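Dear colleague,

Please find below the structure that I am handing over to you, with its sequence.

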Amino acid sequence: MCHFIQRSSPLSFPKNCNIFWRFHHTSASYLCSCSKTVSDEKYQDPFQLGRKDLKNLYEDIKKELLVSTAELKEMCDYYFDGKGKAFRPMIVVLMARACNIHHNNSREVQASQRSVAIIAEMIHTASLVHDDVIDDANSRRGKMTVNQIWGERKAVLAGDFILSAASVALARIGNTTIISVLTQVIEDLVRGEFLQLGSKENENERFAHYLEKTFKKTASLIANSCKAVSILGCPDPKVHEIAYQYGKNVGIAFQLIDDVLDFTSCADRLGKPTAADLKLGLATGPVLFACRQFPEMNAMIMRRFSKPGDVERARKYVLQSDGVQQTTYLAQRYCHEATREISKLRPSPEREALIQLTEMVLMRDK
């Protein structure tokens, strides 16, 4: 299947396997096992544990974005308003502590590890600014997008500037391995965007294409940021792989649930319009699963829902099918794998919080 799903992973499939029916017949057992991941463990709130290390996060990001032009500064600061949950930085600092404890029982996050959390949030935000330009989006996080307020050209430049500031902060860490790991994220974001512009006619190829795009656009940032802090905190390559695999699986699950919410949540909860992916011509997990029950959707997928009425019909088919349920089951399987990986580390409150986080990814409603 995709190069990023290893042969040893229980999420791998033989090339000629019918991915849809295999999921259909096995998903229920994964639902049961995933729901038990933290039932016997003491509850650890990831946001409470990570709060200390994320204090003044957005103020520190704004220090990295010091510019003389007032308008550019206002644009760069627009999404760094401190109102988000800082999901990615929080995962990074929890992973840093979990790896440090595993290696030498140190409970402190190194300055360089915290820098990785800052850089991850900067790269993520720059990608949002660019995505909104590409998608001609009107709203993000419940408010108007940068491109709607300042125009597309200035929005592109603002995204570029945030990326350049992140690169300067990355160089300041002074570790060539970390630079290599995190610059891979930027390459993956670009390649993922190109993948999103294409479609595959064959159903199995189409799903593999979708998962690869999902990894590159969403999961690569989390996977490689987790790997980076593990490298800074522990010399063991096995730990680096655990951190990477955890981030990869949680990241893919996060996007799968995001794709589900595009069909099930209201615009007020999401902070952006629903059915947005269909309107952009994108066939996400719920659509691809629904296609098994409604083959007439194939033609709509290939023309990217461009004919009048395509979006409405496709949304109706998805909600009439088990596409939402099957995509949710698939997300649960990825979370199950993330839990399996992180459980290889020495027990710690941070490790348990990362396990708890997989549950929160599945239960979120925005």
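This is a predicted model: local features need pLDDT of at least 70, side-chain atom pairs count only at pLDDT 80 or more; totals for chains, interfaces and linings use all residues.

Residues are numbered from 1 along each chain as its sequence is written, and side-chain values use heavy atoms, without hydrogens and water.

Helix H6 spans residues 111-135 (helices are DSSP runs of H or I with at least four residues, numbered from the N terminus). From first to last C-alpha, H6 reaches 36 Å, close to the 36 Å expected at 1.5 Å a residue (1.5 Å times one less than the number of residues). Of its 25 residues, 21 are buried (under 20% relative accessible area, 1.4 Å probe, protein chains only).

The whole structure holds seven aromatic pairs (ring centres of Phe, Tyr or the six-membered ring of Trp within 6.5 Å; edge-to-face means planes over 60 degrees apart). Among them, tyrosine 78 and tryptophan 150 are edge-to-face, because their planes stand at 85°, with centres 5.5 Å apart. Tyrosine 78 lies in the loop between H4 and H5 and tryptophan 150 in H7, so the pair ties together parts 72 residues apart in sequence.

Lastly, the charged end of lysine 227 sits over the ring of tyrosine 244, 5.8 Å from its centre (NZ of Lys or CZ of Arg within 6 Å of the ring centre and within 35 degrees of the ring normal).

Yours sincerely

Notes. Helices (H or I, at least four residues) and strands (E, at least two) are DSSP runs, numbered from the N terminus. Buried means under 20% relative accessible area, exposed over 50%, partly exposed in between (1.4 Å probe, protein chains only). Rings of Phe, Tyr and Trp (its six-membered ring) pair if their centres lie within 6.5 Å; planes under 30 degrees apart count as stacked, over 60 as edge-to-face and the rest as tilted.
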